[in-house]
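This report describes selected local features, helix contacts and the nonpolar core of the structure shown below.

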Amino acid sequence: MTLAGAKRGQHIKIIHIPDENIRSRAIRFGIGEGSVVFCEEVLPAGPIVLRKNKQEIAIGRELANRITITLN
Amino acid sequence: MANCHDTGIKINMPENARRIVLAGNPNAGKSVVFNYLTGLYVDVSNYPGTTLEISYGRLDNNVVIDTPGVYGISSFNDEECIARDIILSADVVINIINAVHLERDLFLTRQIIDTGIPVLVVLNMIDEAQKQGLSIDTDLLTDLLGVPVIPTVATKKQGLAQLKTAYELAQKGHIDGELQQKLTHLKDRVDSQGEALLVLEGDTVIAARHGLEPGDEREQIYLKRRDQVNDIVGHVVSEGSRGASIGATLGRWMIKPITGIPLLIIALWAMFQFIGVFIAGTVVGITEETILIGLYEPAVRSFVGQIIAIDSNLGLILAGEFGILTMTVTYVLGLLMPLVIGFYFFLSLLEDSGYLPRIATLVDRVLTGMGLNGMAVIPLILGFGCVTVASITTRLLGSEREKRITIFLLGLAIPCSAQLGVIAGMLAGVGPQYMALYALVILAVLIIVGTMLNKLLPGKSTELLIDLPPLRLPRLNNVLRKTGIKSYAFLNEATPLFALGALIISTLQITGTLTALQKLLAPLTVGWLMLPQETATAFIMGIVRRDFGAVGLTSMALTPMATVVSLITITLFVPCIASILIIIKERGHREGALIWLGTWVIAFTIGGLVAQLSNIFGGGSNDTLGIPLVMITFTAITLVVLLICRFVLKPKPGSGLP
């Protein structure tokens, strides 16, 4: 499944991020491929907010559509 | 990749002075440390080719340089490029990290350590970490990083005193053995280990400077660094109990549409009341009307009049209607200065509180259709205050494409507070149905132009991928200091541009070109817009300043429909002289000229369309029938454009980076 299909309150594992630049930026934020994060909020048709420890990251819907995840 | 090929800011370095560079993630508390170390005397200088201000000050005989808050030194946006160049030129880096966000902040720390520059780590906000149940083993952190770590609570000045001398203790940290080998191998071909690191990490700009091929090991290095950071965090941080704070709850409300939209409306209303009503009305009323026009200008005129004839050419240039000593001074000090201070005050408040990234998240969905992501809301909101200031803030956007779209929308369809005041007054006089027509047409133009630019401009826009910092109460002295520094830097830059604008208009007036232009415009205004001939004057004035044009209309006897047509045209018309000069500076001559001409074409096309349609639908006098039909037509045009863009033209998937 993709990140866009995640629901609020789910723990998910990031499996694949398509773009090399995005992948590098995600690693810097600590949410690179393989990391387990918490889905904090899903805005209707909008961004998905992920949390890892104290850190919150907002990801646009289009990008979320291209990120592969599994539920954890 | 962002454009950033310049190599550094020009800072006068005293002899034997060391460059102490402050670096850190956004919201790590860098500015408080910087203010403490440098004291009152701070210089602000523009980074070459950009409008990004870099502050620097003295500490003993050394120079302390601030950098933009970044998550790493790569080339993901302009700010990172600038931070990268300044850090690479450092003798010592003081790296400020947020104790609550070690996982995020230590990534930059490790990257700076890998550059081989001596580092001192300031572990800030330890009080906040304790409050959240985190305890951090500072000694172990020192051992693992190989550089000294000083715990502080910068806002309460705890631990800051020792920083004034502690920079001497900065050391080169531990570098991964395998990476060190590669760096040593590459070092001979570039100037420093830092440059070697960036070349290895695939930084195209640094590689090009040395005629090298950028490396392809970025991801590998990043992953290893991430593992190291996670490992360090796992060892030094122990977590106790914690509870959800008020800040966390409010932060959640701000991004959920059901609570976030009302909160945003309240914030915008407060901003409008403060800047649009209080500053643009009350304060400017005193500074511009009473002090400068009432007292200063007559004094200057009589003074100039004693030396040369006031109606001579030189007299007009100096003290005439658009005089350098009269209009320029009045606008810069009387109008622009209060507005700019008001804006930067509000912007600093929003910046320091952590609300801006949450607004960006909330509105991201709406802006993606216009080829923008949520971050673009920041310049767009600021545009309602001052388009000139807003144009500068487009630097925070991730790609040239987004900057281009945002600046064009700002120049075209966002009325600034000065103009908005006059427009609101005039619309209130003609009735709510006309007001609705005005708002709908402007909104339709914004959506149509944004959507079309998104489809027509080549390239890809970046997608939202942002960190939401914890909410916190802004610190007043920090906000005021930021406001002061930024306002000063802005006025410093805008004043010569304004004087130049005044000079051009005076010349046009003296040579008679101004009247000739008015006559030239007349067929367009009378024939196409169906307005009285004198309105041409208002448009000419509108070139200088947007609200000028609107003010020029107030004194004319116009029918309600003519009022709306002229207001729509003047809103969409060219940005003021100060704005366009800033836009040219940001976007270059060619694009600036295109934007300027584009607004002419769109303003007159749309204004004329409204005039002609209402004439056809209403038979020339029946506005009760004309208005709804014109509104329906514009809604229909918008929908058709949206549908065509969505289904006929191929959708363009974003990539995150250009």
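Asp60(B) is exposed, as 12 C-beta neighbours lie inside 10 Å; a residue is called buried with 20 or more other C-beta atoms within 10 Å of its own, exposed with 12 or fewer, and partly exposed in between, the C-beta atoms being placed from the backbone. Asp60(B) belongs to the loop between β3 (53–59) and β4 (62–65) of chain B, and its phi is positive, about 55°, although the residue is not a glycine. Helices (H or I, at least four residues) and strands (E, at least two) are DSSP runs, numbered from the N terminus.

The model is a predicted one, in which local features need pLDDT of at least 70 and side-chain atom pairs count only at pLDDT 80 or more, while totals for chains, interfaces and linings use all residues. Residues are numbered from 1 along each chain as its sequence is written, and chains are lettered from A and ligands numbered from 1 in the order in which they are written.

Most residues other than glycine have a negative phi. Asn53(A) has a positive value, near 50°. Asn53(A) sits in the loop between β3 (48–52) and β4 (55–59) of chain A, and it counts as partly exposed because it has 17 C-beta neighbours inside 10 Å.

## Helix packing in chain B

Helix α12 (residues 257–307) and helix α14 (residues 324–353) of chain B have axes that come within 8 Å and cross at roughly 160°. The two helices, α12(B) and α14(B), are therefore roughly antiparallel, and their crossing is right-handed. The contact of α12(B) with α14(B) comprises 21 nonpolar, five polar and two charged residues. Here Ala, Val, Leu, Ile, Met, Phe, Trp, Tyr, Cys and Pro count as nonpolar, Asp, Glu, Lys and Arg as charged, and the others, Gly among them, as polar.

Helix α19 (residues 417–430) and helix α25 (residues 560–572) of chain B pack at about 160°, with axes 10 Å apart. This makes α19(B) roughly antiparallel to α25(B), and the crossing is left-handed. Helix α22 (residues 513–528) and helix α23 (residues 535–544) of chain B pack at about 120°, with axes 8 Å apart; α22(B) and α23(B) are therefore oblique to each other, in a right-handed crossing.

Axes are lines fitted to C-alpha atoms, for helices over the stretch in contact, and angles run from 0 to 180 degrees between N-to-C directions. Angles under 35 degrees count as roughly parallel, over 145 as roughly antiparallel, 65 to 115 as roughly perpendicular and the rest as oblique. A crossing is left-handed if the near helix is turned anticlockwise from the far one by less than a right angle, and right-handed if clockwise.

## The largest nonpolar core

The largest nonpolar core has 208 residues, and those with the most contacts inside it include Ile59(A), Val340(B) and Phe343(B). Helix α14(B) gives the most to this core, with 15 residues. At least three residues come from each of domain 1 (19–239) and domain 2 (257–648) of chain B, the bounds coming from an automatic or database domain assignment. Such a core is a set of buried Ala, Val, Leu, Ile, Met, Phe, Trp, Tyr and Cys residues joined through C-beta atoms within 7 Å.

## Two buried alanines

Ala502(B) lies in helix α21 (residues 476–510) of chain B and is buried, with 25 other C-beta atoms within 10 Å. Ala64(A), in helix α2 (residues 61–65) of chain A, is buried with 23.
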